[in-house]
Amino acid sequence: MDPAGPAAARIATLWWTMLAGSAAIFALVMLLLLIAYRRTPAPHQSEHRQERFWLYGLGLAFPLVTLAALLIYGLVLGETLVPKSRDNVVRVRAEARQWSWSFGYADAAGLRTQGVLHIPAGGPVDVEITSLDVVHSFWAPRLAGKLDAIPGQVNVLRIEAAEPGEYHGVGAEFSGPGYSGDAFTVIAHDAAGWAAFLGRATE
Amino acid sequence: MNALARHRALSRIWSSQPGWRGVISTVNHSDIGRMFLLVATLFFLIGGVLAMLIRTQLATPHSAFVAPAIYDQIFTMHGTVMMFLFAIPLFEGAAVYLLPKLLGTRDLAYPRLSAYGFWCYVFGGLMLVFALLAGLAPDSGWFMYPPLSSSAHSPGVNTDFWLIGVTFVEVSAIAAAVEICVSILKFRAPGMSLDLMPIFAWYALVTALMILMGFPPLILGSILLELERAFGFPFFESALGGSPLLWQHLFWLFGHPEVYIIFLPAAGVISTVLPVMARTTLLGYRWVVAAAVALAFLSFGLWVHHMFATGIPHMGLAFFSAASTLVAVPTGIQIFAWLGTLWKGRPRLTLPMLYIIGFFFTFVIGGLTGVMVAIVPFDWQAHDTAFITAHLHYVLFGGFVFPMLAGLYYWLPQLTGRKRFFRIGEMAFWLIFLGFNGAFVAMHWAGLLGQRRRIAWYPEDAGWTAINLFSSISSFVMAIGVAMVVFDIALHALLAIRGSRNPWGAGTLEWAMPTPPAAYNFASIPIVGDREPLARDPALANKIARGEYFLGEPRGELRETLTVDAASGIPEALVIFPGNSTLPIALAAATGAAFLGALIRVYWVIPLALLFVVGLSLRWGWSQHAANCPGFQNVGRATLLPQAIETDRSPGWWGSVFLLVADTVLFGSLFFGYAFLWTVGPNWPPPQWLSLSVLELALGLIGAAAAAIGLHVAARAASRGASLWRGLLIALAGAAMTIAALAMTLTRAGQLTDYAYGATVFVMIAYALIHAAIAAIMICSLAYRTLRGGASCPRKSNVNIVRLWTDYAAFVAATSLVATQFSSYLT
């Protein structure tokens with residue numbers, strides 16, 4: 001919950017919004033429960049009127065409206081997070097295995113790094129994720145959500161680091177006895193550092 | 001006959017044998033229900049101990065309490081035990097025990113099937129317990145994703161224990177579900193139309209239907225994965241045309257409905273208990289029924305929300321995200337119906353009500369975090385973290401364990417006829433409530449900070465140390481609370497303080513009998529004209545005991561009850577139940593031997609065991625029938641009814657219908673898998689298609705048609721009282737042709753280990769072949785009986801049952817032949 005990129009930041013905002021809304025709904029339900037024990041029931045209220053209040057109103061209309069609003073928010077946000085245009089996007093490849101990650105770079109054929117993913121800071125990066133054995137999941141929590149690494153399939157995740165720095169990443173789908181220690185590092189470079197990194201490959 | 005003499009006569013007829021012989025031969029629903037509840041509780045304690053081991057491991061960073069290899073077994077078994085060996089069987093036990101009492105009848109539709117299901121559950125559970133004790137327990141997580149669970153990455157027998165043990169237990173769930181559906185629809189008190197049913201029966205009906213639709217995909221998945229592990233059929237191997245995602249689809253196609261299969265019975269308990277505690281009736285009965293049905297429908301449309309992070313296109317996810325949020329609407333309707341009920345009445349703060357308040361508190365939080373993770377972007381972060389673990393415990397513990405504890409304390413006086421003395425239950429509640437919330441609120445937080453689920457250790461610098469220690473301590477507080485509940489119940493069993501008959505002032509029929517209940521439930525079967533018959537007529541219990549209603553005069557040694565028209569509740573037929581029998585436990589043992597043969601890979605055991613299964617099943621079917629048909633009989637109150645097995649649609653016919661529903665879902669899942677690999681699977685198309693054989697296709701289709709027509713002819717002959725022979729011979733010839741055609745296709749399925757396509761074709765054809773063989777056996781059995789008995793009486797209903805199975809086998813044979821033979825033309 002300490003976002004360092006636009007994707008993670010927007011998801012964090014979503015979380016705080018949902019938390020506030022949920023707290024309000026929870027408080028409402030608890031209040032209604034408490035009042036049930038504190039009030040003296042109104043004599044001979046018609047069952048029909050009660051149904052209209054509790055079931056049409058609170059049971060049906062209230063959740064429909066709230067959920068529709070939340071759903072639209074979530075879907076619009078999701079659309080902005082999904083990689084679309086591939087112009088000016090740095091492409092890297094992540095290959096998972098039990099229990100290590102190796103990374104390749106579209107801008108430097110033949111360059112491979114083990115356990116450390118290098119990316120440029122301040123711009124979108126598409127990670128092409130796959131697995132060589134069982135199902136894993138690529139997750140750098142401060143940069144974006146997670147996406148599974150599935151054998152025989154390539155999934156593309158867009159990540160972005162606003163600032164240069166080192167970010168923690170883990171395999172996030174249970175993958176056997178070595179799962180707990182299955183981690184990698186993402187290093188986001190400034191422009192010069194990125195060029196130097198790519199240059200290292202051509203040497 | 002006075003009430004006491006009637007009680008003595010009925011008790012003699014209905015009681016099980018004394019001692020251990022009674023345990024293995026009882027078919028009485030009260031016995032079976034209590035046994036189910038007891039064993040399910042034992043598994044809850046086993047699962048709880050595993051949970052405490054997990055929390056011990058995670059209490060400190062870099063924990064060396066157990067090694068990851070053992071830890072993986074512990075958390076896998078915790079999930080497996082709680083889901084398959086505790087939650088579902090506890091519902092089955094509660095339903096088996098309560099339903100006949102709520103519905104005003106003397107037993108469930110198939111007493112021996114209840115016993116069979118119970119023993120399958122016990123034997124399957126024992127397999128998993130053995131694995132746990134021997135250190136061979138499954139260790140790939142309770143949802144067993146391949147390729148991690150494939151033989152390449154899990155070579156040991158551990159995964160096989162899961163696939164085979166759990167499937168065996170699911171047989172018991174299917175048996176119970178068929179039983180529950182038919183019992184609710186047909187075995188009710190006269191006059192109890194569907195809209196007068198106790199609300200719990202509605203929930204149980206919806207749950208049972210969901211089991212029939214939800215479990216077959218997992219059964220299929222388990223069969224396919226076991227075939228891959230044992231024989232190398234590459235269904236989930238992407239390099240050979242399979243797909244690991246196929247498992248995830250099949251698993252969650254089961255797994256999500258499963259959550260509601262667990263929640264709905266608990267909601268049924270709340271809808272029953274809460275109005276009694278508020279001294280009123282449930283607000284919006286029809287709304288609540290509609291909400292339960294809607295929940296069931298929606299729950300089958302949101303399995304993909306467990307797979308948001310698998311790379312499915314975002315627009316596809318949108319549909320499932322919408323369905324997942326929508327499911328909150330019927331849940332909300334129920335919550336507000338309950339709150340409205342409390343407002344309508346004058347609520348008391350009793351112990352069951354305390355647990356219901358605990359439910360409100362935890363379940364609402366679980367529901368709200370559920371809506372959060374239904375929102376796709378948030379799930380991309382929260383998925384597979386401790387946040388999810390916390391959410392699902394809020395839903396399952398809050399939505400199932402709290403209501404079930406409320407139900408336990410509500411029905412305890414009914415079960416034992418005693419009253420509680422010490423206030424241990426109240427203390428236990430507070431420990432459980434505070435401990436639970438402490439443990440799992442903390443876990444939400446750890447998840448948001450990035451703690452993944454299922455890790456065996458974490459570094460000191462992760463910043464989760466204090467949170468985890470707090471969570472572990474709280475979980476132990478909760479465990480002490482659970483232990484106190486067990487202690488409370490044990491004291492209750494030891495100290496006999498007689499209670500009054502209807503201590504809560506409830507209005508449903510289970511309180512209109514002496515407690516603890518007699519084996520026959522009702523001395524005479526009451527007439528019901530109200531949702532709360534006991535509230536309307538407080539003298540009802542005495543009238544029942546005096547034999548004023550139906551079947552008040554015991555005849556001979558017969559266990560008798562009534563069936564009614566499913567919708568209106570008008571009495572329809574007289575049922576004579578089978579008595580005590582060891583056939584169920586023997587059949588369960590034979591079934592278990594087949595599963596055990598597959599587990600230890602001694603394959604010659606399987607056909608041998610299946611031979612026993614078929615033999616015992618035939619004996620089971622035959623012993624059902626009386627030698628002669630007495631026709632209409634007096635059931636009391638000047639009413640004449642036929643025997644149920646003489647009617648066109650006997651209980652056996654109804655059971656077949658519901659069993660075939662589950663079977664159809666299994667076949668549909670197989671078809672889904674075939675189409676899924678075809679369209680989505682990587683590395684498709686296969687190197688070689690199955691070529692079209694006109695001979696096989698024609699032989700199979702003509703045979704299937706002939707079998708169906710033959711049974712149609714036989715059924716018409718049966719209603720005219722004419723000879724069955726012509727129809728049966730046509731059907732038999734048709735079945736033989738179909739079997740020959742399917743067998744020929746089977747041999748041409750190709751190298752099964754080379755490619756997923758051939759393996760899938762093989763499984764489809766084998767499935768059809770098995771059903772053709774079942775139909776053939778049934779037709780032969782009918783022919784044999786015709787030969788022996790000539791005009792033995794329940795002819796019509798038997799022909800109708802065989803006709804159902806034959807029609808289904810014909811449909812399956814035709815569909816799978818067409819779907820596979822035209823393969824090469826479909827691309």
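This is a predicted model: local features need pLDDT of at least 70, side-chain atom pairs count only at pLDDT 80 or more; totals for chains, interfaces and linings use all residues.
Which residues does C181(B) contact, leaving aside its neighbours within four places in sequence? The partners are L205(B), A208(B), L209(B) and F658(B).

## Where the two chains meet

The contact between the chains involves 56 residues of chain A and 64 residues of chain B. On the side of chain A that touches chain B, α1 (6–38), α2 (47–81) and β7 (147–149) each supply at least two residues. The most comes from α2(A), which gives 18 residues. By type, the residues on this side of chain A divide into 37 nonpolar, 13 polar and six charged.

## The two domains of chain A

The domain assignment divides chain A into domain 1 (6–81) and domain 2 (90–202). Their C-alpha centres lie 39 Å apart. Five residues of domain 1 are in contact with eight residues of domain 2. On the domain 1 side of this contact, α1(A) has the largest share, with four residues. The residues on that side are five nonpolar, no polar and no charged.

## Strand β5 of chain A

Strand β5 of chain A covers residues 125–131, and its side chains alternate between two faces. V125(A), V127(A), I129(A) and S131(A) point to one face and are buried.

Which strands pair with β5(A)? Strand β1 (residues 90–97) of chain A pairs with β5(A) in the parallel sense over seven bridges. Strand β8 (residues 155–159) of chain A runs antiparallel to β5(A) and is joined to it by five bridges. V127(A) takes part in both pairings: V127(A) is the bridge partner of V92(A), and L157(A) in β8(A) is the bridge partner of V127(A).

## Chain B as a whole

Chain B contains 25 helices and four strands. Its C-alpha atoms fill a box of roughly 80 × 80 × 45 Å along the principal axes. A compact globule of 827 residues would have a radius of gyration near 28 Å, and the 27 Å of chain B agrees with this.

Buried residues make up 59% of the 827 residues in chain B. Among contacts in chain B with a separation of 6 or more, 81% are between residues 24 or more positions apart.

## The hairpin in chain B

Strand β1 of chain B covers residues 559–564, and six of its six residues are buried, so the strand is largely enclosed by the rest of the structure. R559(B), T561(B) and T563(B) lie on one side, while E560(B), L562(B) and V564(B) lie on the other; both faces are covered.

Six bridges join β1(B) to the antiparallel strand β2 (residues 571–577) of chain B. One of the bridge pairs is R559(B) with F577(B). The two strands form a hairpin with six residues between them, and G569(B) in the turn has a positive phi of about 80°.

## A buried loop residue

V27(B) lies in the loop between α2 (19–25) and α3 (29–58) of chain B. Is V27(B) buried or exposed? V27(B) has 26 other C-beta atoms within 10 Å, and 20 or more make a residue buried, so V27(B) counts as buried. Leaving aside neighbours within four places in sequence, the contacts of V27(B) include P111(B), R112(B), P578(B) and P584(B).

Most residues other than glycine have a negative phi, and most peptide bonds are trans. Two peptide bonds here are cis. A cis bond joins Q98(A) and W99(A), with omega about -15°, and W99(A) is in the loop between β1 and β2 (100–105) of chain A. The bond from P146(B) to P147(B) is also cis, with omega near 5°. P147(B) is in the loop between α5 (111–133) and α6 (158–186) of chain B.

Positive phi values occur at R279(B), near 50°, and at L551(B), near 55°. R279(B) is in the loop between α8 (244–277) and α9 (285–299) of chain B, while L551(B) is in the loop between α18 (540–545) and β1 of chain B. R279(B) is partly exposed, with 13 other C-beta atoms within 10 Å. L551(B) counts as buried, with 25 C-beta neighbours inside 10 Å.

Conventions. Residues are numbered from 1 along each chain as its sequence is written. Chains are lettered from A and ligands numbered from 1 in the order in which they are written. Two residues are in contact if their C-beta atoms, placed from the backbone, lie within 7 Å. Ala, Val, Leu, Ile, Met, Phe, Trp, Tyr, Cys and Pro count as nonpolar, Asp, Glu, Lys and Arg as charged, and the others, Gly among them, as polar. The radius of gyration is taken over C-alpha atoms; the globule rule is 2.2 Å times the number of residues to the power 0.38. A residue is buried if 20 or more other C-beta atoms lie within 10 Å of its own, exposed if 12 or fewer, and partly exposed in between; C-beta atoms are placed from the backbone. Two strands pair if DSSP finds at least two bridges between them. Domain bounds come from an automatic or database domain assignment.
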